[in-house]
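Here are a few exercises to work through with the model open. Try each one yourself before you read its solution.

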Amino acid sequence: MEIYMDGLTKNYGKIRALDSINLKIEGHGCTGLLGPNGAGKTTMLKLTTNIIKPSKGKVELNNINVAMYPEKALETVGALIEQPEFYSYLTGYEILQFTARIKGLNKSEFASEVKRLGELTEINDFIRRKTGNYSRGMKQRLALSVAMLGNPDIIVLDEPTFGLDPKGMVDIRNIIKSLAKDHLVLLSTHLIYEARELCDRTIIINNGKIEYDSAMSPERDLLKITAENNVNIISDKVKNYSRDKNVFIIEKNKNFSNAEIISELMKQGLKINYVEKYDNLEDIYVSVINGKVIDNISS
Amino acid sequence: MLFLIVIVGAMMSYFSFKYINDLPTFLGGKVFSSSIKVEVFYYLWTLVLLYIPVFASVFFGSPAISSEIENKTAYYIFPLPINRYKLFFGKYFAAFTVTLFIIGIYLVFELITLTYLLGTIPVTYFLRSFAMLILFILSIMAVTFLISAIFNKNTYAYITVFVIYYIVFEAGSFIVELLYKYTPVYFLNEAGSIIERVYINVNVENPFISHLDINPAPFSAIVIAAMVMVIYTVISLAIALLLFEKKEVS
């Protein structure tokens, strides 16, 4: 399973929404697209799922060009883009049935899929009702079922927890976590904590360009330590560190565990009050959006 | 729409029963042969029938493409592994079939009523009229789909279809006929009038008509009208398909 973008560009009139994107995502796992509103996240996903056509460049899904052979390319893809609406005169069951027919599922495959997805996305209570009467959350759950129907290799999700209540958010995130174990999930979100919780790889887009890709510059393993005193740290277990009064941001040497680092720091005379994992992604995001150099984050 | 057609069919039946013997009075007391009477009654039924494809195409065809964008169902349907050509023709033939079904109800009313009252069906003329009717539905639906593919809002599509049919076509043929004493057979409404003119070659919708003939339309007129409708169908579908293929939800 693979998504490949080569020089992908999209213009809306004079506005360049996406600018020469080169990206390759391979294998299972969740890749998160982060960025502010209008950054180009949804445009990228729409191009990936043939909702819009590229002005230049191409998207390939499992080596098949989406714009040229959409029917073939989208066979192995399930998508939830923006907040989809369904034909209001059809029930959720009929929507799944129609989708199954397009995806080429036979009757018995469809029956087992409805059972599986009904339990997974908890749509059983309202699946026989017309979608015109669905709430936002119900539609979102049905859309996720549609995306997962037929167990496609690649799942493209555009802000899947948008508009959901807290329980709905947790449910959907759990589904995405389990999907990422054996699917390629491309997830767009503007929630940093969501990306941190779900994604193995994070890409930050701003002004139509990829500004950061954790695959190219992996997040550093950082600890935030609040101490009672100040000491100069000299240790091969610590790659780098910064200090603001009694708060230390420690970049660990990855060969050592947190316990070993803390033990070492205490040996060096540091009186530690509190240790937490430092939220690196949030800083990276803010720096990228503000146009700062990412490498300066912890220095 | 179904309800409306049943009402219209029932009304036509009622008026046919009521005025079956009054035709000579309406036409200045002139006595017609029984075959002319049959053709006049089928002509009158078909005159009303001609409006149904137009209304049906507005009802079923106008929102066919534009609603996918306006109602955001495109976000559901476009990422599915289905060729847009298939999607387009699926919608087109669904709209055609449902229109034909509705018209079928009207035709059942017509055949039962007129067979009961007149005791005969002018089979050849009826089949010619029906064949032209199918072409007319295909062509008016194709034009409507083209308009629907241009717009992203249903209202614009509804209004434009009405404007094109009742102002551009109807008024256009009026004006051409008035100014140039010439029937613009290339207008879809004029071509569509062949459905009634296979019985009697008069287009009563156009008072400036240059051809007034109690006889059925000649075969050449049927061929020309059929060709016009086929051309409208092919060109409209080709452009609509191109537009739909490139349709984006942005």
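**Exercise 1.** How many residues does the largest nonpolar core have, and which of them have the most contacts inside it?

*Solution.* Some housekeeping: this is a predicted model, in which local features need pLDDT of at least 70 and side-chain atom pairs count only at pLDDT 80 or more, while totals for chains, interfaces and linings use all residues. Residues are numbered from 1 along each chain as its sequence is written, with chains lettered from A and ligands numbered from 1 in the order in which they are written.

Step 1: pick out the buried Ala, Val, Leu, Ile, Met, Phe, Trp, Tyr and Cys residues joined through C-beta atoms within 7 Å; buried means 20 or more other C-beta atoms within 10 Å of a residue's own, with C-beta atoms placed from the backbone.

Step 2: the largest such core has 72 residues, and A:Ala147, A:Ile176, A:Val185 and A:Leu187 have the most contacts inside it.

**Exercise 2.** Find what A:Leu187 touches, not counting residues up to four places away in sequence.

*Solution.* The list includes A:Cys30, A:Thr31, A:Leu157 and A:Ile176.

**Exercise 3.** Where is pLDDT under 50 in chain A?

*Solution.* Step 1: pLDDT is the predictor's confidence in each residue, from 0 to 100. Chain A has a mean of 87, with 95% of its residues at 70 or more.

Step 1: residues 293-299 of chain A stay under 50, and the model has 16 contacts beyond four places in sequence for them.

Methods. A residue is buried if 20 or more other C-beta atoms lie within 10 Å of its own, exposed if 12 or fewer, and partly exposed in between; C-beta atoms are placed from the backbone. Two residues are in contact if their C-beta atoms, placed from the backbone, lie within 7 Å.
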